[in-house]
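Biologist: Could you walk me through this model? I would like to hear what stands behind each label you use.

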Amino acid sequence: MHETMVAESLLATISTEAAKQNAKPVNARISCGMLNAINDEILCFAFEAIAKGTPCEGMKLEIEHKPMQGLCKSCNESFDVELSHPRCSKCGSEVFELLQDAPLLLEEIELQTEQ
Ligand SMILES: [Zn+2]
């Protein structure tokens, strides 16, 4: 399953960062594109399962899905593509090129230092 691999790589990155700072991770923010086919619930479930017994146990994952970007062929504007209504936000043209989907990124890790 795709999400399990993603969860494993997230856990590895977060654990390394937490160990470096000698702190406990409490929250992590992830972003990915619309076409990345990440199911939030499955990812959180997979992460929870593999985080058991590690310093990451009980931490929260926040997943943000970034909209697709389009590049208008008429006015050269790049814009967020609304899937229900795909057209240029500046000139209204429906002729545009889809830009590459956003990659999966670990944006931020919130750590809590031991008291
Ligand atoms: Zn346009």
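Modeller: Gladly! Let me begin with burial: of the 115 residues of the protein chain, 29% count as buried. Buried means under 20% relative accessible area, exposed over 50%, and partly exposed in between, with a 1.4 Å probe and protein chains only.

Biologist: What should I keep in mind about the source of these values?

Modeller: This is a predicted model, in which local features need pLDDT of at least 70 and side-chain atom pairs count only at pLDDT 80 or more, while totals for chains, interfaces and linings use all residues. Residues are numbered from 1 along each chain as its sequence is written, and side-chain values use heavy atoms, with hydrogens and water left out.

Biologist: How many helices and strands does the protein chain have, and how are they assigned?

Modeller: There are 2 helices and 6 strands. Read from the N terminus, the order is α-β-α-β-β-β-β-β.

Biologist: Why is the protein chain called more spread out than a compact globule?

Modeller: Its radius of gyration is 18 Å, well over the 13 Å that the globule rule gives for 115 residues, so the chain is more spread out than a compact globule. That radius is taken over C-alpha atoms, and the rule is 2.2 Å times the number of residues to the power 0.38. Along the principal axes, the C-alpha trace spans about 55 × 30 × 15 Å.

Biologist: What share of the contacts joins residues at least 24 apart?

Modeller: Contact means heavy atoms within 4.5 Å. Among contacts between residues at least 6 apart in sequence, 70% join residues at least 24 apart.

Biologist: What makes a set of residues a nonpolar core?

Modeller: The members must be buried Ala, Val, Leu, Ile, Met, Phe, Trp, Tyr and Cys residues, joined through side-chain atoms within 4.5 Å. The largest such core here has 17 residues, and those with the most contacts inside it include Leu10, Ile14, Leu43 and Phe47. Helix H1 (2–21), strand E1 (23–33), helix H2 (40–51) and E2 each supply at least two residues of this core, and the largest share, 5 residues, comes from H1. Phe47 has contacts beyond its neighbours within four places in sequence, among them Ala7, Leu10, Ile14 and Leu61. A second, separate core of 5 residues includes Met68, Phe79, Val81 and Cys88.

Biologist: Why does Glu62 count as partly exposed?

Modeller: Glu62 is at 38% relative accessibility, so it counts as partly exposed. Its place is in strand E2 (residues 60–66). Leaving aside neighbours within four places in sequence, Glu62 is in contact with Asn27, Ala28, Arg29 and Ile30. Asn27 is 35 residues apart from Glu62 along the chain, with 7.5 Å between their C-alpha atoms.

Biologist: And why is Glu97 called partly exposed?

Modeller: The relative accessible area of Glu97 is 38%, so the label is partly exposed. Glu97 lies in strand E5 (residues 96–98) and touches Gln69, Gly70, Leu71 and Lys73, not counting residues up to four places away in sequence. Glu97 and Asn76 are 21 residues apart in sequence and 9.8 Å apart in space, C-alpha to C-alpha.

Biologist: What makes Asn76 exposed?

Modeller: Asn76 is at 61% relative accessibility, so it counts as exposed. Asn76 lies in the loop between strand E3 (68–72) and strand E4 (78–81), and its phi is near 70°, a positive value in a residue other than glycine.

Biologist: Why is Pro55 called exposed?

Modeller: Pro55 is at 52% relative accessibility, so it counts as exposed. Pro55 lies in the loop between H2 and E2 and touches Lys24 and Pro25, not counting residues up to four places away in sequence. The C-alpha atoms of Pro55 and Ser15, 40 residues apart along the chain, are separated by 7.1 Å.

Conventions
Helices (H or I, at least four residues) and strands (E, at least two) are DSSP runs, numbered from the N terminus.
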